[in-house]
Amino acid sequence: MDTDILFKEKQKFRQWWMWLILLSVNIFFLYGIYRQVVMGKTFGDNPMSNAALIIVTVLTFGITLLFQAFRLETIIKKDGIYVRFFPFHLRYNHYAWHDLTRCFVRKYSPLREYGGWGIRIGLGGKGKAYNVSGNQGLQLEFTTGKRLLIGTNKPDEVTTTLEQINEL
């Protein structure tokens, strides 16, 4: 892999409402464990067994930790674009310039075009998207006709980098 990095960006999920939901669910189940396992009072009208309550609590914490680990990493080098959505991609996917017909930064609607954030499949031939926040992305159009949108919070820097290497 060429070591001449022209652009690098790491993104994580930053939506406050998502973290509020995850933390609320975790607190709810922790309270349930405290009430039922520690205090000996049933939690809810139709309580789970203590073991089930502990298992569900561990699972909700696991989901929260998974969301904390998610990150989208984009690197632009002279030989192409490298992207990975950790932990789903352990190694970077490399997209060489000669495999692309077009490459540009655009505004998009995460919900309308791709149904949300994450690794998404777009509706109506939009292709695949890797995004974690915002509404700006690097659109790649391949010689095969496929499309990939990589979300970015640094659209001006991406545009400047692409202009510098004549790939815009």
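# Salt bridges, sheet and aromatic pairs

Lys 78 and Asp 4 form a salt bridge, in which the closest N and O atoms are 3.3 Å apart; the term stands for a side-chain nitrogen of Lys or Arg within 4 Å of a carboxyl oxygen of Asp or Glu. This pair links distant parts of the chain, 74 residues apart, with Lys 78 in the loop between strand S2 (71-77) and strand S3 (80-86) and Asp 4 in the segment before strand S1 (5-11). Helices (H or I, at least four residues) and strands (E, at least two) are DSSP runs, numbered from the N terminus. The model is predicted, so that local features need pLDDT of at least 70 and side-chain atom pairs count only at pLDDT 80 or more, whereas totals for chains, interfaces and linings use all residues. Residues are numbered from 1 along each chain as its sequence is written, and side-chain values use heavy atoms, with hydrogens and water left out.

**Salt bridges**

- By the rule given above, the count comes to 7 salt bridges.
- Lys 78, at 52% relative accessibility, counts as exposed, while Asp 4, at 30%, counts as partly exposed; here buried means under 20% relative accessible area, exposed over 50%, and partly exposed in between (1.4 Å probe, protein chains only).
- Arg 71 forms a salt bridge with Glu 73, with 2.7 Å between the closest N and O atoms; Arg 71 is partly exposed at a relative accessible area of 22%, whereas Glu 73 is buried at 3%.
- The side chains of Arg 102 and Glu 141 also meet in a salt bridge, at 3.8 Å from N to O, and this pair links distant parts of the chain, with Arg 102 in strand S5 (residues 100-107) and Glu 141 in strand S8, 39 residues apart.
- Of these two partners, Arg 102 counts as partly exposed at 45% relative accessibility, and Glu 141 is buried, with a relative accessible area of 15%.

**Sheet and helix packing**

- An open sheet of 4 strands has the order S1-S2-S3-S4 with antiparallel pairing, where two strands pair if DSSP finds at least two bridges between them.
- S1 and strand S4 (93-96) stand at the edges with a single partner strand each, so one side of each is left without a neighbour in the sheet.
- On average, neighbouring strands of this sheet are turned by 15° against each other, direction ignored; axes are lines fitted to C-alpha atoms, for helices over the stretch in contact, and angles run from 0 to 180 degrees between N-to-C directions.
- S1 and S2 run antiparallel and are joined by 6 bridges, and Glu 9 stands opposite Thr 74 in S2.
- Helix H4 (residues 155-164) packs on the sheet and touches S1 and S2, its direction making about 160° with that of S1; contact means heavy atoms within 4.5 Å.

**Aromatic rings**

- The structure holds 13 aromatic pairs, one of them between Phe 28 and Phe 29, which is edge-to-face with 5.2 Å centre to centre and 80° between the planes.
- Rings of Phe, Tyr and Trp (its six-membered ring) pair if their centres lie within 6.5 Å, and planes under 30 degrees apart count as stacked, over 60 as edge-to-face and the rest as tilted.
- Phe 28 is partly exposed, with a relative accessible area of 45%, whereas Phe 29 is buried, with 14%.
- Tyr 31 and Phe 43 form an edge-to-face pair, 5.9 Å centre to centre and with 75° between the planes; the pair links distant parts of the chain, 12 residues apart, with Tyr 31 in helix H1 (residues 16-38) and Phe 43 in the loop between H1 and helix H2 (50-69).
- Tyr 31 counts as partly exposed at 44% relative accessibility, while Phe 43 is buried at a relative accessible area of 16%.
- Phe 13, Phe 67, Phe 70, Phe 85 and Phe 88 are linked into a cluster by ring pairs.

**Charges over rings**

- Lys 77 lies over the face of Tyr 82, at 5.1 Å from the ring centre; a charge sits over a ring if NZ of Lys or CZ of Arg is within 6 Å of the ring centre and within 35 degrees of the ring normal.
- Arg 84 lies over the face of Tyr 92, at 4.9 Å from the ring centre.

**Surroundings of Gly 134**

- Gly 134 lies in the loop between strand S7 (128-131) and strand S8 (136-142), and is partly exposed, with a relative accessible area of 35%.
- Leaving aside neighbours within four places in sequence, Gly 134 is in contact with Tyr 108, Pro 110, Trp 117 and Asn 153.
- Gly 134 and Gln 15 are 119 residues apart in sequence and 9.4 Å apart in space, C-alpha to C-alpha.
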